[in-house]
Amino acid sequence: MIVTYKLNKDAVLSDEELKMLEAAEKMPVVYDDDCPKLTPEMEKAFIAARKANPIKKNLA
């Protein structure tokens, strides 16, 4: 299932939301089968692919 949100660029985070972000920042990265740690070769391949096909901004 895909969940999408429309962000308000002028929104202000609550104190609780800021605390949640600070706590998340301190959590370790957990790699698994769906999100394995990249080898240096895989990382280079992803960088090359992104340069070849940059993200297109929706101008509408």
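Predicted model: local features only at pLDDT ≥ 70, side-chain atom pairs only at ≥ 80, totals over all residues.
Numbering runs from 1 along each chain as its sequence is written, and side-chain values use heavy atoms, with hydrogens and water left out.

The protein chain has two helices and zero strands (DSSP runs numbered from the N terminus, H or I of at least four residues for helices, E of at least two for strands). Its radius of gyration, taken over C-alpha atoms, is 17 Å, well over the 10 Å that the globule rule gives for 60 residues, so the chain is more spread out than a compact globule. That rule is 2.2 Å times the number of residues to the power 0.38. The C-alpha trace spans about 40 × 35 × 25 Å along its principal axes.

What about burial? Buried residues (under 20% relative accessible area; exposed is over 50%, partly exposed in between, with a 1.4 Å probe and protein chains only) make up 0% of the 60 residues in the protein chain.

From first C-alpha to last, H1 reaches 17 Å, close to the 16 Å expected at 1.5 Å a residue (1.5 Å times one less than its number of residues).

Met1 sits in the segment before H1 (15–26), and Met1 is exposed, with a relative accessible area of 97%.
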